[in-house]
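Colleague: I would like to go through this model with you, one contact at a time. Shall we start with the packing and then turn to the rings?

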Amino acid sequence: MFELSADKIAFVILRAREYDFGTDGSGSRSAYELRDFIAGLTEDEQAELTAVMWIGRGTFDASDLAEAIETARNEKTTPTEDYLLGEPQLADHLESGMEALGLTPGAEGDELLRM
């Protein structure tokens, strides 16, 4: 049911933090990387990423994951990358969503989050 890997979510969290804090200077390189990465996800992965963010934000409970994913699919009106990059505290919401869902990145994703 869940196609999006925890490592991919970890990558988005890392890039979102870099973008938010401008650790690459202006934040522009991270923004382009993040935008391209999200745009390159499948439609299912994009809906799942949005659902994880919503769960972390408190819009949905972890037990409502399927409903959150379906809502993300049905109510999409803008490109997912634009929607998510416009979300304040994206990295924090994704991290909270992963926790709520019991998702843990593998060694590679775990290493990304420690950076």
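**Packing and ring pairs**

Modeller: Leaving aside residues up to four places away in sequence, glycine 97 touches Val52, Ile55 and Gly56. Keep in mind that this is a predicted model.

Colleague: Is glycine 97 buried or exposed?

Modeller: Glycine 97 sits in helix α6. Buried means under 20% relative accessible area. Glycine 97 has 0% relative accessibility, so it counts as buried.

Colleague: How far apart in space are glycine 97 and alanine 62, C-alpha to C-alpha?

Modeller: In sequence, 35 residues separate glycine 97 and alanine 62. In space, C-alpha to C-alpha, the distance is 7.7 Å.

Colleague: How is α3 oriented to α6: roughly parallel or roughly perpendicular?

Modeller: Helix α3 (residues 43-57) packs on helix α6 (residues 90-101) with the axes 7 Å apart. The angle is about 90°. Angles of 65 to 115 degrees count as roughly perpendicular. Therefore α3 and α6 are roughly perpendicular.

Colleague: By class, which residues make up the contact of α3 with α6?

Modeller: On the α3 side are Leu49, Val52, Met53, Ile55, Gly56 and Arg57. They meet α6 residues including Leu90, His93, Leu94 and Gly97. By class, the contact has one charged, four polar and nine nonpolar residues.

Colleague: How many aromatic pairs does a search of the whole structure find?

Modeller: The search covers the whole structure, and the number of aromatic pairs is three.

Colleague: What kind of aromatic pair do phenylalanine 11 and phenylalanine 37 form?

Modeller: Phenylalanine 11 is in helix α1 and phenylalanine 37 in helix α2, 26 residues apart. Their rings are 4.5 Å centre to centre, with 50° between the planes. Planes under 30 degrees apart count as stacked, over 60 as edge-to-face and the rest as tilted. This pair is tilted.

Colleague: Which of these two is buried, and which is partly exposed?

Modeller: The cut-off for buried is under 20%. Phenylalanine 37, with a relative accessible area of 24%, is partly exposed. At 19%, the buried residue is phenylalanine 11.

Colleague: Why is the pair of tryptophan 54 and tyrosine 83 edge-to-face?

Modeller: Tryptophan 54 lies in helix α3 and tyrosine 83 in helix α5. The ring centres are 6.5 Å apart. Planes over 60 degrees apart count as edge-to-face. The pair is edge-to-face because its planes are at 80°.

Colleague: Which residues do ring pairs link into a cluster?

Modeller: Tryptophan 54 is buried at 9%, while tyrosine 83 is partly exposed at 30%. The cluster linked by ring pairs is Trp54, Phe60 and Tyr83.

Note on methods. Residues are numbered from 1 along each chain as its sequence is written. This is a predicted model: local features need pLDDT of at least 70, side-chain atom pairs count only at pLDDT 80 or more; totals for chains, interfaces and linings use all residues. Side-chain values use heavy atoms; hydrogens and water are left out. Axes are lines fitted to C-alpha atoms, for helices over the stretch in contact, and angles run from 0 to 180 degrees between N-to-C directions. Helices (H or I, at least four residues) and strands (E, at least two) are DSSP runs, numbered from the N terminus. Angles under 35 degrees count as roughly parallel, over 145 as roughly antiparallel, 65 to 115 as roughly perpendicular and the rest as oblique. Contact means heavy atoms within 4.5 Å. Ala, Val, Leu, Ile, Met, Phe, Trp, Tyr, Cys and Pro count as nonpolar, Asp, Glu, Lys and Arg as charged, and the others, Gly among them, as polar. Buried means under 20% relative accessible area, exposed over 50%, partly exposed in between (1.4 Å probe, protein chains only). Rings of Phe, Tyr and Trp (its six-membered ring) pair if their centres lie within 6.5 Å; planes under 30 degrees apart count as stacked, over 60 as edge-to-face and the rest as tilted.
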